[in-house]
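Visitor: I would like to learn how to read aromatic pairs in a protein model. Can you walk me through it?

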Amino acid sequence: RKLRNTCRILVANLYDFDPATDVVPIAQLEPVDRYALAKFGDAAQRMIRAYDAYDFPTVFQTLNSLVTVDLSAFYVDVTKDRMYTFAATARQRRSTQTAMFLICDGLARLIAPILPVTADDLWRFLPGRRADSVHLEVFPGVEALLAPDVVSAWDRLMQVRDQVNAAL
């Protein structure tokens, strides 16, 4: 249910997003959006390796961690104000929509072998032109999303955030 609800939130924020015209280049994304994409890229890479090894528990554990910790508990929470208060065409809002779109597209492809109905549902609601079924697609290429330096810097920031939250 957590995966489905998180995907619903992400795709709902794409209602006015057209990937043909609104995508922000990865190098120009806001730092938090770049971090979310880097975390997704790292998780996706681990999931693809696990699929290749028929290691389905690792696929599920990686997916669950990505969705519950990185997306639901952090990314959706910190970007919701931007999504609801910024102008529809604001660059910061389009940056977040770009990250959400790339994550949703990638998640649909990655969950297709283990959650085919959920993947098809997500695929149907994604904006833009695409194949009729996610099952006709391949796993996402994530090399361009990987950014160990971004993840390292943000992980340090997240540790400070956790200490501050605990003190408060």
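Visitor: Are Tyr35 and Phe74 buried or exposed?

Guide: This is a predicted model. In it, both Tyr35 and Phe74 are buried.

Visitor: How is a pair of aromatic rings described?

Guide: By two values: the distance of the centres and the angle of the planes. Now the case here. The structure holds 7 aromatic pairs. Take Tyr35 and Phe74: the ring centres are 5.9 Å apart and the planes stand at 85°, so this pair is edge-to-face.

Visitor: Where in the chain do Tyr35 and Phe74 lie?

Guide: Tyr35 is in helix α3, residues 31-52. Phe74 is in helix α4, residues 56-85.

Visitor: What kind of pair do Tyr51 and Phe139 form?

Guide: A stacked one. The planes are 25° apart, and under 30 degrees counts as stacked. Centre to centre, the distance is 5.0 Å.

Visitor: Which parts does the pair of Tyr51 and Phe139 tie together?

Guide: Tyr51 lies in helix α3, while Phe139 lies in the loop between α6 (116-125) and α7 (148-167), so the pair joins parts 88 residues apart in sequence.

Visitor: How accessible are Tyr51 and Phe139?

Guide: Tyr51 has a relative accessible area of 9%, so it is buried. Phe139 has 29% relative accessibility, so it counts as partly exposed.

Visitor: Which residues form a cluster through ring pairs?

Guide: Tyr51, Tyr54, Phe56 and Phe139.

Visitor: What sits over the ring of Trp123?

Guide: The charged end of Arg130, 4.4 Å from the ring centre.

How values were computed
Residues are numbered from 1 along each chain as its sequence is written. This is a predicted model: local features need pLDDT of at least 70, side-chain atom pairs count only at pLDDT 80 or more; totals for chains, interfaces and linings use all residues. Side-chain values use heavy atoms; hydrogens and water are left out. Rings of Phe, Tyr and Trp (its six-membered ring) pair if their centres lie within 6.5 Å; planes under 30 degrees apart count as stacked, over 60 as edge-to-face and the rest as tilted. Helices (H or I, at least four residues) and strands (E, at least two) are DSSP runs, numbered from the N terminus. Buried means under 20% relative accessible area, exposed over 50%, partly exposed in between (1.4 Å probe, protein chains only). A charge sits over a ring if NZ of Lys or CZ of Arg is within 6 Å of the ring centre and within 35 degrees of the ring normal.
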